[in-house]
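Here's a quick briefing on how this chain is put together inside. Have a look at the model, then come back for the notes.

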Amino acid sequence: APARADAELFLRVADEPALVRQTERFAAGNPRHGAIVAFGLSRLAARDAGAARLAFEQYARNAQFDASALARAAPRIASALAAGSPQTAMRWIMGLDARLRADQLGEQAVRLALRGEGWDDVLSALDLLAPPLAASERWQYWAARGRDAAFGGGDAAGAAFAQLGATRSYYGFLAADRLGRDYAMQHQPQPVSEEQLRAVADDPGVRRAREFQLLGETLASRREWLHATGRMDASGRLAAAHLASRWGWHQLAIGTLIDAGERNALELRFPALYAQDFARAARQQGLEQNWLYAIARQESALNASVKSPAGALGLMQLMPATAELTARKTGIAYRGSRDLLDPATNVALGSRYMRMLLDQFQQNRILAAAAYNAGPARVKQWLQALPATVEHDRFVETIPFPETRQYVQNVLSFAVIYAYLEGRQVPVVQPAERLIQNPWRLQADRAG
């Protein structure tokens, strides 16, 4: 009976979230009620951010429920407040009791501060982060950026940039740019002997994986492979990664290398497959081949037959509707979604779609990559919320979708790595991309 009553209360709150404002309905010490309140506050925030904030603060003052339960609603409330005023949301987060601020909320405060124009708020928000989180590359970079901008550099900022610049990563590349240094690519080829390859190929689990793959049983093959390599030591996994690459299982090769702790074998982790298709597409669309490879590496790990849960297909993970629209606009032959499993067709359509996005977003690869992942309409919406101009790193860090934020960072980094493997050096961000422009705000400023 008590559980049934709580379930009925939960359903009422789901239908009418404002009920959480009636604090007397919810019994202190009842963990189910704490969960219902957190759920209701999150739903209320979407409808009335101010009311959700006041109710949250009342529960916090009364210490009616465990702080960890209440803290689950705080990110939703902060996001809702930020839709009206990022500054208000940031101040609210910074004023919360530390027990109500999970790591996610501290990071949210930094990103809200980065949407402003100064650096004092950024540095203050960074102080909210727990030490393990503050020590990550991401927030070390922003701490150095803040000190550099607010205090004119100094030894601390320079030392932080130097430490970051010694790593092959998005933030490492940005830090190296700050110092005017070459990127630390850390490439270490890891050859293995034919004897090691034969030993792995003779492993019963690997043999079963191979048989299943030849029979077209991809899921069973992957399971056998993961089980077999999971029992190997690091040297065995390295040999298995080489074997998978030789067999054309590049996605498995990449994952197996990471499991072996071999992140510096770049030629295996970043294969340059279907070279003629990518070279032709790059030439026809006036794009850098390393950029197209970076998109395909992020989208599919260059697996030509992969299909996402959402229905995206092939190397560049095109949705059939996007492929059809692109083909119709550009005259590329396209007979249906099965064509997207053909590497040449997929790369031709994917590169043409990327060309269209670049033309739409002033040749800015940052915006085009974000649009490739989240859609051009969302990117335009994000741009409209910006000042007239914003620095590229601030823009990327404050992309609202975590998936898109990571996507853009990965693609920019992968493009540098692919160029390096081609024997070229390219910047992670091109000079023309260093300032992201809001065309709507610029037009309004000119009109004013």
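Start with the largest nonpolar core: it has 120 residues, and Phe 26, Leu 41, Phe 56, Ile 77, Trp 92, Tyr 372 and Phe 395 touch the most other members. A nonpolar core here is a set of buried Ala, Val, Leu, Ile, Met, Phe, Trp, Tyr and Cys residues joined through side-chain atoms within 4.5 Å. Keep in mind that this is a predicted model, where local features need pLDDT of at least 70, side-chain atom pairs count only at pLDDT 80 or more, and totals for chains, interfaces and linings use all residues. Residues are numbered from 1 along each chain as its sequence is written, and side-chain values use heavy atoms, with hydrogens and water left out.

- Not counting residues up to four places away in sequence, Phe 395 touches Ile 366, Leu 367, Leu 383, Leu 386, Val 390 and Ile 436; contact means heavy atoms within 4.5 Å.
- There's also a second, separate core of 20 residues, with Ala 228, Ala 240, Ala 253 and Leu 257 among them.

**Helix α20 and what follows**

- α20 covers residues 289-300, and its end C-alpha atoms are 16 Å apart, in agreement with the 16 Å that its 12 residues should span at 1.5 Å a residue; the expected span is 1.5 Å times one less than the number of residues.
- The helix is largely enclosed by the rest of the structure, because 9 of its 12 residues are buried; buried means under 20% relative accessible area, exposed over 50%, partly exposed in between (1.4 Å probe, protein chains only).
- Those buried residues are Asn 290, Trp 291, Leu 292, Tyr 293, Ala 294, Ile 295, Ala 296, Arg 297 and Ser 300.
- They pack against α17 (250-259), α18 (266-269), α19 (275-285), α22 (343-360), α23 (365-374) and α26.
- Ala 301 follows α20 and has a positive phi, near 55 degrees.
- Leu 302, in the loop between α20 and α21 (320-330), also isn't a glycine and has a positive phi, near 60 degrees; Leu 302 counts as buried at 3% relative accessibility.
- His 250, in helix α17, is buried with a relative accessible area of 12%, and beyond its neighbours within four places in sequence its contacts are Ala 244, Ser 245, Pro 271, Leu 273 and Ala 301.

**Two glutamines**

- Gln 186 sits in the loop between α12 (170-179) and α13 (194-201), is partly exposed at 35% relative accessible area, and has a positive phi of about 55 degrees although it is not a glycine.
- Gln 196 belongs to helix α13 and is partly exposed, at 33%.

**Largest pocket**

- The largest pocket has a volume of about 1000 Å³; a pocket is an open set of points on a 1 Å grid over the protein atoms alone, where a 1.4 Å probe fits, with protein on both sides within 12 Å along at least five of seven lines. Grid points are joined across faces, edges and corners, and the volume is the space filled by probe spheres set on them.
- Its lining has 31 residues, with Leu 112, Arg 115, Thr 398, Ile 399 and Pro 400 nearest the centre; lining residues have an atom within 4 Å of a point.
- α5 gives the most to this lining, with 8 residues.

Note on methods: Helices (H or I, at least four residues) and strands (E, at least two) are DSSP runs, numbered from the N terminus.
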